[in-house]
Amino acid sequence: TYTVLTAAHVVCETEDAKQPCGDYSYKILAPDGKQYPVDKSTIEVESGVDLAIVKFTASNQNYQVATLANYNPNTANYIFTAGYPKLGDNYSPWRLTMGQIFERERGLLTVKESDFQSDNSGKLQSASSLTGGYELVYTSITYGGMSGGAVLDSLGRVIGIHGRAEAEEDKVQIGYSLGIPVSTFLGLATRFDVQAQKVETTSAPQLNPQQIKSIQEAVLSTDVSTGNTKANQWLERGNQLWRLRRYQEAVEAFEQAIKQNTSSIYLAYYGKGLALGWAGKYQEAQAALESAVKLKNNFVAAWQTLSIVYMSLNQLEQALVAIDKAIQLEPKNPNLYNEKWVVLKGLKRYAQASAAINKAIEISPRAAFYSNRGNLYYELQKWELAEADYNKAIAINPQLALAYNNRGNLYSELQKWQLAEADYTKAIAINPTYAQAYNNRGNLYKELQKWQLAEADLNKAIAINPQFTVAYENRGLLYDQMGNKQKAIQDLQHAAQLFQAQNNSAGYEIVMNALKKLQRNNSL
């Protein structure tokens, strides 16, 4: 007897999982093409989570059992979604779509649409921020008909069940895809009276550049004609390109959609604004997003993204207006209050910033929000309150590397060196590509005059992110203390160039002052 894990809405077409499933007949299509009837009595669902199991019996047949992987994926890991997409009126053959996943808390913050609904009692759900247990967020463009299929990591292990695509407008997916993590199923396994046969907890390894290139080429394998391509095809093309960080090509695709001036033109301006914003071309992004909200004034995702672009341009008052507009349209979306907290903190309106992040926590008490409020208390030098919030974030999500890193910063500030080192090391263990944690631990070792350890960590931070300006600055200061003036000057000069390219005048001035001091001392 085999157990199949799928989405509840695939086999139990009812909004309320407490109600009995409809009188539907299902069959399981096995890999060898054989079909097996599903005993309706084996269909099991759980209220509040869009997961279900069904069972079938296959006499004398040995089918491969899936390997489940229970871990918090690192942001930008490549994943695959599997299913039978419905394209037009027909279901296509089984296929994989590819994309990149977000670390759990980062993904939940990335979701644009309002999906923070009330339960039957009218009380906002807080156990999982999105209804139905959707806590996996990934960039794959998925289609109707793929619900209930597996979300696979690069080793082919099941890390979740795909269920839906976010924010579809005019039949174009402008948001991300959403799935339910394996951890949720494992927590329900005893209630379902099943036991997973194979479960692994190790993270998937990083792909090499050639593997990444092959995936990107596969994603873009279907080219578009420049002659009679419809606007929606250009939109989908642009969507794929910006998700692959090919921003200029994405902008060109969205401009082709804009030229056709169809009813979905506001989506083309939104996509263009997204691509330009990710490319760091904030003024051009601003113009595109302002066109999007002018064409569709209730477009929440565009208002939210416009707020982020205004912040990047240091136009904080305009950013506040934009995020308030988004909140007016979606007052139950905690991510919007979190964005407002960022703006108000930048304006140094700390009381209002506190109220905004408190509102986010009230709606959905997530680890990321507690960590952010801890950052606010850190800035206000309210050390005990900051520590309490970091502790709370870690208690909610013990795999949140960001919270360990932030608490490590607090302990460093308080010169609790051993505690700080332990937190940075834990953050790195969770996410071996966490450049910021390597940088911070490198600074810690520099303070403790453990020169070789400090150099190794700063080298690692730069290897992970060659554009990590502060890491070059810190390594330059380390070389100065180690007496290697030539390397110190080289790193500080490179940091100054990066700060200048980023239009960070404050950072540039600090590095230039350090460089001038170093050069003056060196000449003496």
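Is Q449 buried or exposed? In this predicted model, Q449 has a relative accessible area of 56%. The cut-off for exposed is over 50%, so Q449 counts as exposed. Q449 lies in the loop between α17 (435-447) and α18 (451-464). The phi of Q449 is positive, about 60°, although Q449 is not a glycine.

N314 sits in the loop between α9 (300-312) and α10 (316-329). Phi of N314 is near 60°, again a positive value in a residue other than glycine. The relative accessibility of N314 is 62%, so N314 counts as exposed.

The chain as a whole comes next. It has 524 residues, and 50% of them count as buried. Its secondary structure comprises 21 helices and 17 strands. Among contacts with a separation of 6 or more, 59% join residues 24 or more positions apart.

Five bridges join β1 to strand β5 (residues 49-56) in the antiparallel sense. Within this pairing, T6 stands opposite A52 in β5.

Six of its six residues are buried, so β7 is largely enclosed by the rest of the structure. Both faces are covered. On one side, Y78, F80 and A82 are buried; on the other, I79, T81 and G83 are buried. Strand β10 (residues 95-100) pairs with β7 in the antiparallel sense over six bridges. In β10, G99 is the bridge partner of I79. Strand β12 (residues 150-152) also runs antiparallel to β7, and two bridges join them. Here T81 stands opposite V151 in β12.

The whole structure holds 17 salt bridges. One of them joins the side chains of R157 and E200, at 2.9 Å from N to O. This pair links distant parts of the chain, 43 residues apart. R157 is in the loop between β12 and β13 (158-165), and E200 is in strand β17 (residues 199-200). E200 has a relative accessible area of 35% and is partly exposed.

R246 and E249 form another salt bridge, with the closest N and O atoms 2.9 Å apart. R246 is partly exposed at 30% relative accessibility. E249 is partly exposed too, with a relative accessible area of 36%.

A salt bridge also connects the side chains of E379 and K345, at 3.3 Å from N to O. E379 lies in helix α13 (residues 367-379) and K345 in helix α11 (residues 334-346), so the pair ties together parts that are 34 residues apart in sequence. E379 counts as partly exposed, at 35% relative accessibility. Finally, a network of salt bridges links R104, E105, E135 and R366.

Note on methods. Residues numbered from 1 in each chain as written. Predicted model: local features only at pLDDT ≥ 70, side-chain atom pairs only at ≥ 80, totals over all residues. Heavy atoms only, no water. Helix = DSSP H or I, 4+ residues; strand = E, 2+ residues; numbered from the N terminus. Buried < 20%, exposed > 50% of the residue type's maximum accessible area, 1.4 Å probe, protein only. Contact = heavy atoms within 4.5 Å. Pairing = 2+ DSSP bridges. Salt bridge = Lys/Arg side-chain N within 4 Å of Asp/Glu carboxyl O.
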